[in-house]
There are 2 protein chains.
Amino acid sequence: MRLTRYFLPVLKETPSEAQIVSHRLMLRAGMIKQAAAGIYSWLPLGYKVLRNIERIVHEEQIRAGHIPMLMPTLQSAELWRESGRYDDYGEEMLRITDRHGRDMLYGPTNEELITDIFRSHVGSYRDLPLTLYQIQWKFRDEIRPRFGVMRGREFLMKDGYNFDLTKDDALHAYNRHMVSYLRTYERMGLRAIPMRADSGPIGGENTHEFLVLAETGESEVFYDAAILNLTLGERSVDYDSREECSEIVREWTSPYARTDETHDAALFERIPEARRRQSRAIEVGQIFYFGTKYSEPMGAVVQGPDGQQVPVHMGSHGIGVSRLLGAIIEASHDDNGIIWPEGVTPFHCGIINLRQGDAEADAACERIYAALVAAGLDPLYDDRDERAGGKFATMDLIGLPWRITVGPRGLKNGVVELTSRRSGESEELSPEEAVRRVVEIYARPGEQAGR
Amino acid sequence: MRLTRYFLPVLKETPSEAQIVSHRLMLRAGMIKQAAAGIYSWLPLGYKVLRNIERIVHEEQIRAGHIPMLMPTLQSAELWRESGRYDDYGEEMLRITDRHGRDMLYGPTNEELITDIFRSHVGSYRDLPLTLYQIQWKFRDEIRPRFGVMRGREFLMKDGYNFDLTKDDALHAYNRHMVSYLRTYERMGLRAIPMRADSGPIGGENTHEFLVLAETGESEVFYDAAILNLTLGERSVDYDSREECSEIVREWTSPYARTDETHDAALFERIPEARRRQSRAIEVGQIFYFGTKYSEPMGAVVQGPDGQQVPVHMGSHGIGVSRLLGAIIEASHDDNGIIWPEGVTPFHCGIINLRQGDAEADAACERIYAALVAAGLDPLYDDRDERAGGKFATMDLIGLPWRITVGPRGLKNGVVELTSRRSGESEELSPEEAVRRVVEIYARPGEQAGR
């Protein structure tokens, strides 16, 4: 993309309404614009990152054998009366009356609707196991929406639901979700720690939250620093193998890691003092096993191998897709702006032309641009007639991980500059070598997500 | 995908509530399930086609230089009061009150919101031309939702908005949209005819609807059969060229083609009688140029080259994304089920194992499956332990354009059967040759969309 043809309305001033850094940077970088309290439009740059995050979530869910589908945003109140949650849910549920006076609501979650789909179509244990998921907009009418997309009212969420014959099968689904979530966050450049959590209004006995450490987080967490050394990396996982999945879960849940809701001071004290950590953190996902809580009242039963009708064992599993943009920025920025991990960056590489209108500089930029595009990458070429300082400031603010700077002086020596946004380090290279290096960076396994 | 691991709840009986063939087939093929009147869940198969259609729309919009973004589903009523449409829109607008008693609505369209984004961020003619678009869920509270996804209440729509300095520039944007829409529909295997239309509540002087001929269409249309011979094919288009775009528009709008709202019997009579056609048709898109209708009242102005503040010229342009599934099926089916065009098919090729459990047949199917996946295709392997008749019926119903049938008898002679869903014709080929043929079909330009 050429910047002169793009819509990137960066702000010079720091917006006063934003209290946390991710909200400020998303507004300043022209990623979002508030449409109403807690409701945002996703401007082109923000939309690109949102789509990248969405794609990683899809890829990892599909890899785990889960099946994508889509439920509507609006639902009839009837199903929620059947489960008993219509009255329980409280004021966060946005209740709507249609022109015929029927009670409806904007789905804050979808256990009822998916259970209805299941019971309408599945009748035998032979159709199990089954995990369906979607990425869809949700609405929760927060009394005080704040922190930009971190606690908005309309938000994009991945929600998945497993249906299994036995508790054991459902616990395998639970483990499969934990592993797929760990991979998902890793690909986004995030370290998200699974922590034993409270089940809240969804109910259920087993539940973990995934938390990203950040000063501005709303949760207080306690953990053993040993967990920071764990990584899945390129480990291949057979999601059908109960042993493999449960071994990874064991590995990640053995070190102490809890939110203040489940914190156990006595257990925490047993960790060697040097590894005890207390921090703020942002919740970016949660998994639940809740057994037959919905299947029993809603009659989601299958015929088992012995011919008996049994309610299925279920779990639900969520990732806060739109919230992740905020969490990633909270975890990855500096005074000059955002620093995108390669996996989610909106453009793979920036190109800065230091002397727009200079024939040689223009031609070199065009060649670099074309070479990156030919390699399947998506560069952002700042082709505006602007001073270098302004171009650098914009590029730093929007946080592309790599930048190629092209100017007449360097070109005289046959070189351009390749700069890492994260380290700030620059290298002088031939234009061809700079392109080759950028292509190589994104060819690394696990870093192709931005494509 | 292996069918035993998928969720494809096909129905044996024809659902009684469905009045038209696309609605019946979408229910029977397990593509959708009604969640409330005019509101549907997209089951996995339906969701796949929806995503394919979405991707084609994105690709063609980006090719035309239009920039993707995303607006929220819920909006504040304030902006609609500013434009005067809050009171005008009537009961089809779903009005909502949040917990603080603020008036909100579920966007039926987004002229107000996009104009607000524009006026907040753009101040100079140098930032023009600009076309922003989104694919987002909309809601219209139809009094009698019917025909499945063809006239639902919650529906997925692409809506795009152009902002230009002059009427001439805006008319180029109008033409660009017409050309990009023609390409979009062609890639989906649809013949959509642009017809001069009425502007309705959006307003404006220039507007065309795109209509797909189908007996069950809600529109009555009159046209010159000569228009059926037009095709863009592989023609490359420079969207920046006013001449190229307006030439294509001239070509497509010269033959008489109008809906009953704009029909002119006298003009129609001038067409040679043998080419006069009257038919039913389904509207699948509409483009508008409406000048300064929104920019003037809402103050969307830019500084022109002469320093004067002028309101921008705008247009809006829509494609009914979810409705397109219905339209494609109306235009492409037979008594046995759906016939997907290659561009949108949910799976590229079906594989039927005539004797599940037979070692040779199983192994051959696995090899074919693996070869198609390795070629980047997405096959559906019916690996159920079912009679051949049931497998054929399911495969015909869900409409994959190509099917490879594998059985012990054929394998003895070294052959499998490759069958076209559209023509019904079969050929006996070696497994390798069958795979090669399928890969070749999807490698044709313009037919890679399903990938």
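## Basis of the model

Residues are numbered from 1 along each chain as its sequence is written, chains are lettered from A and ligands numbered from 1 in the order in which they are written, and side-chain values use heavy atoms, with hydrogens and water left out. As the model is predicted, local features need pLDDT of at least 70 and side-chain atom pairs count only at pLDDT 80 or more, while totals for chains, interfaces and linings use all residues.

## Relation of the two chains

## A salt bridge between the chains

Over all chains, the count comes to 74 salt bridges, each being a side-chain nitrogen of Lys or Arg within 4 Å of a carboxyl oxygen of Asp or Glu. One of them joins B:Lys33 and A:Asp116, at 3.5 Å from N to O. This pair crosses between chains, linking strand 1 (residues 32-36) of chain B to helix 5 (residues 111-121) of chain A. Helices (H or I, at least four residues) and strands (E, at least two) are DSSP runs, numbered from the N terminus.

B:Lys33 is buried, with a relative accessible area of 16%, and A:Asp116 is buried at 13%. Buried means under 20% relative accessible area, exposed over 50%, and partly exposed in between (1.4 Å probe, protein chains only).

## Salt bridges within helices

In helix 2 (residues 44-63) of chain B, B:Arg63 and B:Glu60 lie three residues apart, about one turn of the helix. Their side chains form a salt bridge of 3.0 Å, N to O. B:Arg63 is partly exposed at 45%, whereas B:Glu60 is buried at 0%. In chain A, a network of salt bridges links A:Glu59, A:Glu60, A:Arg63, A:Arg183 and A:Arg187.

Helix 14 (residues 431-443) of chain B holds B:Glu433 and B:Arg436, also three residues apart. The closest N and O atoms of their salt bridge are 3.0 Å apart. B:Glu433 is partly exposed at 24%, and B:Arg436 is partly exposed at 42%.
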